[in-house]
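Have a look at the structure first, then read on.

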Amino acid sequence: MKPANHSMPIRQRPRIHTLGLHALFGLAGLFGLLLAPAAHSNEALALMYYERPPFMMDSTDASGTVSVNGISADPSAAAMKAAGLPFRWHKFGAKRIMEIIQENSLAACGVGWFKTAEREQYAKFSRPIYRDKPWVALTPKKFTLPANTTIASLLTNKDNRILVKENFTYGGLDLLMQKAQSTRISTTAEISQMVQMIKANRADIMFLADEEASYLLEQGGFRASDFNLVRFPDMPKGILRYFMCSKKVPDEVIQKLNAVIRFEG
């Protein structure tokens with residue numbers, strides 16, 4: 001079996017999320033996607049990603065071919081290749097990826113997603129591919145915390161404004177944040193936009209993965225001097241990341257991936 005090309009020319013990438021799938025997979029219909037047959041192991045599986053450095057980043061070479069790399073993308077691609085499963089990368093927004101998997105209209109997987117009880121009702125998950133480092137807090141430079149501040153004490157302060165992303169899981173922090181007495185500011189903005197909101201003092205605190213915070217402050221166009229990066233002694237263990245697939249992906253594909261995923265964290 002000759003493996004499929006693992007990247008797609010940039011001219012084939014969808015420009016509009018909801019309509020892009022129609023053109024990309026030959027589906028039609030004004031009221032949504034038509035059902036597509038489940039993928040077999042010899043068919044290219046759609047690996048869906050959204051731009052989120054350093055977990056998933058794309059680049060284009062001189063020929064116009066798109067490559068996807070990063071903390072989540074690299075082990076995902078390695079597992080697909082080791083399992084002998086052809087695949088193609090397709091870029092969508094995070095919300096659209098979730099919708100596609102929930103719709104279950106085609107065989108497709110998102111990479112680097114967190115597993116929750118709610119998501120397990122409509123998606124299939126592989127073994128974990130990566131565990132985040134313990135999460136950290138990002139605050140404006142003028143917002144300082146006492147030394148040795150704990151998460152528990154931080155979240156019981158009613159004056160603190162916590163910026164959170166809607167429909168986003170914070171892993172071990174979720175339960176703590178549900179009980180928090182701090183003011184909760186919800187947003188649908190992307191992570192980089194949330195950092196801008198913190199810089200502009202529109203909120204006091206946001207939580208994000210240590211890897212992501214370090215990347216944004218070192219290479220993401222932000223100045224570290226504009227923020228405080230806070231690590232906590234009682235921060236829960238980092239969250240595991242998985243392949244999250246629609247139920248149209250055959251169990252055989254998940255089993256092949258699980259057999260070659262070597263992460264033991």
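The torsion about the S-S bond of Cys-109 and Cys-245 comes to about 105°, so this disulfide is right-handed. It ties together parts of the chain that are 136 residues apart in sequence, because Cys-109 lies in strand E5 (residues 108-113) and Cys-245 in strand E13 (residues 240-246). Keep in mind that this is a predicted model. The two sulfur atoms sit 2.1 Å apart, and the count for the structure is one disulfide. Are the two cysteines buried or exposed? Cys-109 is buried, at a relative accessible area of 0%, and Cys-245 is buried too, with 0%.

Now for the rings. The structure holds ten aromatic pairs, and here are two of them:

| Pair | Centre to centre | Angle between planes | Type |
|---|---|---|---|
| Phe-125 and Tyr-242 | 5.9 Å | 85° | edge-to-face |
| Phe-168 and Tyr-170 | 5.0 Å | 70° | edge-to-face |

Elsewhere, the charged end of Arg-241 sits over the ring of Phe-55, 3.9 Å from the ring centre.

You'll find Thr-169 in the loop between strand E9 (161-165) and helix H5 (173-178). Thr-169 has a relative accessible area of 10%, so it counts as buried. What does its side chain make a polar contact with? The partner is the side chain of Asp-174, at 2.6 Å. A polar atom of the Thr-169 side chain also lies 3.3 Å from the backbone nitrogen of Gly-171. Setting aside neighbours within four places in sequence, Thr-169 is in contact with Phe-114, Thr-116, Arg-119, Trp-135, Asp-174 and Ile-239.

Zooming out, the protein chain has eight helices and 13 strands. Of its 265 residues, 49% count as buried. If you take contacts between residues at least 6 apart in sequence, 75% of them join residues at least 24 apart. The chain exposes about 13200 Å², and carbon and sulfur atoms supply 51% of that area.

Technical notes
Residues are numbered from 1 along each chain as its sequence is written. This is a predicted model: local features need pLDDT of at least 70, side-chain atom pairs count only at pLDDT 80 or more; totals for chains, interfaces and linings use all residues. Side-chain values use heavy atoms; hydrogens and water are left out. A disulfide is a pair of cysteine sulfur atoms within 2.5 Å. Helices (H or I, at least four residues) and strands (E, at least two) are DSSP runs, numbered from the N terminus. Buried means under 20% relative accessible area, exposed over 50%, partly exposed in between (1.4 Å probe, protein chains only). A polar contact is a pair of N or O atoms within 3.5 Å; within protein, one must be able to donate a hydrogen and the other to accept it, and residues adjacent in sequence count only if both atoms are side-chain atoms. Contact means heavy atoms within 4.5 Å. Accessible areas come from the Shrake-Rupley method with a 1.4 Å probe; for residues, only the protein chains shown count as cover. Rings of Phe, Tyr and Trp (its six-membered ring) pair if their centres lie within 6.5 Å; planes under 30 degrees apart count as stacked, over 60 as edge-to-face and the rest as tilted. A charge sits over a ring if NZ of Lys or CZ of Arg is within 6 Å of the ring centre and within 35 degrees of the ring normal.
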